Amino acid sequence: MINNTLILTRISYKNHNSRPETCSVWDAYTNALDTLIENVYTIDYYDLYFKHGHIGFKNEIERSIQDNKIQYLFICYMAEDYTFDLNFLVYLKHKYQLCIINTSQDPETFFEPRDRYYNQIADYILPFAILPNNCIYANYNLASITLYSIYNKDMFYDEKIPKTIDVSFIGNVNKANRREIIDFLKNKGIKIETYGSGSKNGFINHTKMMNIINSSKINLNFTESALSQHFDFNTNTNFPIGTHINSRIQQAKGRLIEIYLTNSFCLSQDGPGTRQLFNNENIVFKDKYDLLKKINYYLANQEETIKITTDLQQLAIKKFDAINRLKTVLPQLKYKSKYINILYVDKEFITNYTSYHFLFFFNFLFKLKLKLALQEVPIFLKYRYFNFNTIYSHLKMQSIYAYKRVRNMQK
Amino acid sequence: MMFHSLFLYQSNYQAIEERVEENSSIYTGFNYIEYLHKNTHTSLMKHINMQIVNHHINTLFILIDNCDSSLKVEELDSLKNKHQLKVIFFFMDSKNSFEYIDRYYAQMADLVILDETPFIGDFYKLLCIETFTLKHSFKIKNIKKRNFLSSSLINLSSETNVICRDVISAQHLQEQFKEIFTKLSSTFNNNIDLLLDNKHLYAQTIYEIYWNLYHFHKNHNLDIFHIKYLKYIIEIYKINKQISKNKADIMKINIIELLNRALYKKYTL
C-alpha cells in the first residue's frame, strides 16, 4: 500500500490556484492522489523555487522528505519545465531510497528534448498520453502505465439545457489546418461557432466552456500535437525546443474526454490514440469531407447522438475520472527504488536546462535578490551550453514584469 | 500495377535486391555510396534522374542500413513529386538513426520496411507512417549507441538477441515481398508536406561537409560549397588539416565523428 508520499507539482502558471476547484489534469491527479493515499504532502515546486532560490529549494524538499519519512515521490512535471537538477533528484533517490513516479504533459512533443532525461531515474512513468505500446518508454527499458488525460468528473457537468448551437469548436483556431477545416464547413453552410485563441468569440472561462459544450449539438475536437514556433510568455516556457516533425503525431486530446464527461456529443479527428480512448468508429472523422458528411448526418439524426453520448459518458466517468483511474493504477505501483549507475544526458538537454535557469536568474536579479541570482551562476559555469533565443526570451519577459512592478509601486 | 523499380542502396543486401528485381517488370539499381566516392552529389542526383527517365521508373526503393544522410530529403521529395514515384525505404538500423535521419526520410515514404528490432515500428506508427516488418535471415546488430546520431540514452536499451535464423527460406522472403508489392499496388501516393527541423539540418550538414572534404582530398574537386558552411570554417579548417596528415588513409579516418565533435555545440534546438 502506498503511503508517506510527497507530490512535487506545478499547479498552473498562475500558481496559488485554489484546489480542488481548478480543472486541469494536474490538479485532478494531485487531488486524486490526496484522496486515495494516506500521508500525502504536496509542494508546488515552481512557487518554492521562486521563494527560496536554488539552494533553499533543494533544502526545503530534502527537509520535507526527511521529516515526513517519504518513500514515494510523485513528480508531476509541466511540459517544458527544467527546474529540477537531475543530479539532485538522483542524490535524493539514493539517500532516501525513494520510489520515483513521474508524470508528464505532452510527451509526444517533449519526450525527446526533456522527459526522457528525467524519466531515466523514475521507477514508474505515468504518461497523460496514449502511445503505441508506450514505445518511447519501452525503448529505454522504462516501466510505464498509461494514465490518460484524467479529470475531476464533478467539474464537467450536464447542464441539461436546450442545444441552440449546431456545431462548436473550443481551442486554438490557428493551430495546424484547423482554420482551413472550419472555413470549409462554413462555406458548405454549416453554422459553426468558435471559441479560444484566434477565434471570433475569443477566450472563455471554464463555466462558459461548460455552457457552450452543453448548448452544442455537435462539438469538434482536433488532434494535432502541441507545437508552436514561439516562446510561450504565459508559461515562461520555450516551445521551439520541441522537434517539429513530432507535430505529425496525432495526439489523443483531453477535450474529447471533457466533452463526453458533460454528456455532450463530440466528433474528433481520427488518430491511433483517439481510437483507443473510446474505441468508437462513429465519433471520429478522417478529413474535412468525412467531417462534413458526418455533421450533416448527425444534425439530421440527433437521437443517434443522444444514444452515443449516454453510453460514452458512462465510459468517460469510469475510465477518465482521476479517482476512478488511479484506483486501478495505484495498486500496480509496487515499491521499488532502482539504483542509477550512470546518468545519461546529451548536450541538447544540458543546453535547455541551463538556458531555462536564466528565467530564475533574471527574476531574482530584477527583484534585487542578488544572493539568489548568484546561486544560478554555478549552473551556467558548470555546463556552459546555452540557447540564446531562450535566454533572450526570459530576459525580455522578466524585464517586462520588473517594469510593471516598478510602475505599480509608483502608483 | 507494373513496377518499374529503381533500387538505391548503401550496402549490398543481395537477397533483398533479388526480391525487388523479381517483383518488378523493369529493374535497375546501384550502390549510391560507391557512386558518391567517385562523383559529386550533383552528378548523383542527375544520374538518378536519368535512370528514372530512361527506365520509366515509377517505384523508388532506398536501403539505408548504417546511418546515412547523404541523400537529401528535399531533393528526393522533389523527384518523387516530379515523376509521381512511389518511394519505399528499407531502414535496417533505425534504432540508431531514427532520431536524426530516418524519420525525416520516412515522411515521404509510401511504405517503410524495417527489421525486427523491438518497438521501432511503433515510433513510425506514432508519426502515422505505414511500416512493414521484414522477418529475414540477416543479423540484427546489438543495440548499443554506435554513432553520434542517437541519444546517449540508447544505452539504457536492452541488447537485442542476435537473430540468426539459419534458413529463413528463400520462399518465406519471397512471400513477404509479394505482400509488400501487393500492399504497394493498393496504396495511393503519399503527398504530404515535409516537416524538417534542426536535427535533420544537423545530420544533413555533417554529411554535406563530409562529402566535400572527401572529394577535395580524394578527387581534388568540390561540390557546391554552400555559403552556410562559412560559419564552421574554423572547424572545417582544423579537420581538413588532420585529414591532410593522413591523406593516404582517408577511408580510415572517421570524418563524420570528427565533424560531430566540432559542430555539435554550434547547434541548438
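This is a predicted model: local features need pLDDT of at least 70, side-chain atom pairs count only at pLDDT 80 or more; totals for chains, interfaces and linings use all residues.
The expected span of a helix is 1.5 Å times one less than its number of residues. With 23 residues, 388-410, α16(A) should span 33 Å, and its end C-alpha atoms do lie 33 Å apart, so the two figures agree. Part of this helix is tucked away: T390(A), I391(A), S393(A), H394(A) and Q398(A) are its buried residues.

Along the principal axes, the C-alpha atoms of chain A fill a box of roughly 65 × 55 × 40 Å. Some 46% of the 411 residues in chain A count as buried. As for how the chain folds back on itself, 72% of the contacts in chain A between residues at least 6 apart in sequence join residues at least 24 apart.

Chain B has ten helices and six strands. Of its 269 residues, 35% count as buried. Taking the contacts in chain B between residues at least 6 apart in sequence, 62% link residues that are at least 24 apart.

Now for the place where the two chains meet. Chain A puts 28 residues into the contact, and chain B puts in 23. On the side of chain B that touches chain A, the elements giving two or more residues are α5 (94-106) and α6 (120-126) of chain B. Of these, α6(B) gives the most, with four residues. Sorted by class, that side of chain B has eleven nonpolar, six polar and six charged residues.

Next, the core. In soluble globular proteins, nonpolar side chains tend to be buried together. Here the largest nonpolar core has 156 residues, and the members touching the most others are Y29(A), I150(A), Y151(A), F89(B), A109(B) and V112(B). Setting aside neighbours within four places in sequence, Y29(A) is in contact with C76(A), T103(A), I150(A) and A322(A).

Just past the end of α4(B), Q84(B) adopts a positive phi of about 50°.

Further along chain B, I243(B) sits in helix α9, which covers residues 233-245. A residue needs 20 or more other C-beta atoms within 10 Å to count as buried. I243(B) has 19 within 10 Å, so it is classed as partly exposed. The C-alpha atom of I243(B) is 9.2 Å from that of Y214(B), a residue 29 places away along the chain.

Definitions and conventions:
Residues are numbered from 1 along each chain as its sequence is written. Chains are lettered from A and ligands numbered from 1 in the order in which they are written. Two residues are in contact if their C-beta atoms, placed from the backbone, lie within 7 Å. Ala, Val, Leu, Ile, Met, Phe, Trp, Tyr, Cys and Pro count as nonpolar, Asp, Glu, Lys and Arg as charged, and the others, Gly among them, as polar. A residue is buried if 20 or more other C-beta atoms lie within 10 Å of its own, exposed if 12 or fewer, and partly exposed in between; C-beta atoms are placed from the backbone. A nonpolar core is a set of buried Ala, Val, Leu, Ile, Met, Phe, Trp, Tyr and Cys residues joined through C-beta atoms within 7 Å.
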